[in-house]
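Here is a short briefing on one protein and its ligand. Look over the sequence and the structure before reading the points below.

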Amino acid sequence: MLESTDYKVADLSLAEAGRHQIRLAEREMPGLMALREEYADAAPLAGARIAGSLHMTVQTAVLIETLTALGAEVRWASCNIFSTQDEAAAAVVVGQGTPAAPSGVPVFAWKGESLEEYWWAADRIFDFADGPTLILDDGGDATMYVLEGAAAEAAGRVPTAGEDDPDERRAFLAQIQTAMTASPGRFTTLAGKIRGVSEETTTGVNRLYRLAEAGRLPFPAINVNDSVTKSKFDNRYGIRHSLPDGLNRATDVLIGGKVAVVVGYGDVGKGAAEALRGQGARVIVTEIDPICALQAAMDGYQVALLPEVAETADIVITTTGNTRVVDVDVLQRLKPGAIVGNVGHFDDEIDLAGLRRLPGVSATEIKPQVHEWTIPVPAEAGLERETTQILVLSEGRLLNLGNATGHPSFVMSASFSNQVLAQIELWTHGEDYTIGVHRLGKDLDELVARLHLPALGARLSELTKDQAEYIGVDVAGPYKPEHYRY
Ligand code: NAI
């Protein structure tokens, strides 16, 4: 591990390999490259100091270098302990320099961090000499870190973990304690300097809305996830690509003919189910929302209850952003060889914490991020076996990033174009945004889509003036009302 005062990555000698991958990714990220071209001279992010917490992949490297090309100063950590691509992290640190004399962006990320290291790295992204001005977040960890620390300081108490708190929360609180002790008032100062946050994913956005409702959000937030060109593309088409990629790299099991259960049929679930069906699996969906359940049924999937189909499942994929949707009972019902993985943001969708507490359970590492668990099966389960052995991917964390390299560049270009536009909005027009959670305007959403069409050879038809008047829109857009669902 290479550590200096101002970066920590696995190995700077990987920078050249990372740079080649970044170069290829740039060709597939027309939105980001167009924004660089459009804004390079104006440098709308000059003076902004962005603390970024988002999977440190090759695609994120292109995002980081777009933010710096637009004038920002940036520090970065990953938002998941397994998702960093070490060569991308190295290339971003080296920048235009050399491994001996790096001149890029301070990155604090490597594949396979411990929870303690994860939160240490999260703290480092705020270490600008004059403090950060903006957060770019994925899942809300960086934002929660600052706000919980500031709340603890305001209450004049050092937060401590409760007996039932999971390891994640313990590590989080321990890092807050460390930072509060080392630098009293740190979190209050940070929260006071931050002018806004742009949030990447469904789970982080849900956390922001809850903070805003509770009156605990001190700055404006932009919900990037719900730009149409983010969630209807990255969450769906991205997962359609990266879920089978993760399953293949982890297990190489033939998906065709298998029974695959997709838990949740939101944007991510739709992409997951489509990918598995595309590979020839017989896909079963479980849902709690009648609208999504009806969509799944109309799309031709069996909609069933998880405990009732668990015994027949070869593959179970969680996509809900909810907690313990695959509980210990279900895990015990799975047949030997079944594969279980999660693509929702946090690792508690599959109750591995509960499984670990079960007497007689053991796990064997087959290779990094692939574990075979041996689980006792109680007689009451009525199954003809005393144990089962299942494969758990990425320890229940995002398998498409832990076992593979996440979504491909093209779809991330759309997501990250929204991120860049959100950061520009917050920095240049921040005063126009009230404290609360906002979305980017439809004009910007349509712009992001426009920037990606030529690369796919797509020709966009144009409204005539008469047609525009007839349907009540401007020839140049936006073309749909806010309530339109796509
Ligand atoms: P969504 O809200 O569109 O879909 C989640 C679905 O799960 C909803 O339809 C909900 O009704 C259903 N659900 C909730 N509890 C359930 C339960 N107990 N059983 C069955 N279904 C249940 O959210 P979206 O956008 O699909 O995101 C899902 C998760 O994936 C979030 O945590 C998000 O942050 C994450 N995500 C992961 C990505 C990746 O690369 N792996 C990419 C984008 C999002």
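In what follows, Ala, Val, Leu, Ile, Met, Phe, Trp, Tyr, Cys and Pro count as nonpolar, Asp, Glu, Lys and Arg as charged, and the others, Gly among them, as polar. The model is predicted.

**The whole protein**
- The protein has 19 helices and 17 strands.
- Its radius of gyration is 23 Å, which agrees with the value near 23 Å for a compact globule of 486 residues.
- Along the principal axes, the C-alpha atoms fill a box of roughly 70 × 65 × 45 Å.
- Of the 486 residues, 50% count as buried.
- Among contacts with a separation of 6 or more, 74% join residues 24 or more positions apart.

**Around the ligand**
- The ligand is surrounded by 30 residues, and the closest are Gly264, Gly266, Val268, Gly321 and His345.
- Two or more residues of this shell come from each of α9 (202–213), α10 (228–251) and α11 (267–278).
- α10 gives the most, with four residues.
- The shell consists of 17 polar, nine nonpolar and four charged residues.

**Helix α11**
- From its first C-alpha to its last, α11 reaches 17 Å over twelve residues, close to the 16 Å expected at 1.5 Å a residue.
- α11 is largely enclosed by the rest of the structure, because nine of its twelve residues are buried.
- The buried residues of α11 include Asp267, Val268, Lys270 and Leu276.
- Among the elements that cover the buried residues of α11 are α10, β9 (259–263), β10 (282–286) and β12 (315–318).

Note on methods
Residues are numbered from 1 along each chain as its sequence is written. This is a predicted model: local features need pLDDT of at least 70, side-chain atom pairs count only at pLDDT 80 or more; totals for chains, interfaces and linings use all residues. The radius of gyration is taken over C-alpha atoms; the globule rule is 2.2 Å times the number of residues to the power 0.38. A residue is buried if 20 or more other C-beta atoms lie within 10 Å of its own, exposed if 12 or fewer, and partly exposed in between; C-beta atoms are placed from the backbone. Two residues are in contact if their C-beta atoms, placed from the backbone, lie within 7 Å. A residue is near a molecule or strand if its C-beta atom, placed from the backbone, lies within 6 Å of it. The expected span of a helix is 1.5 Å times one less than its number of residues.
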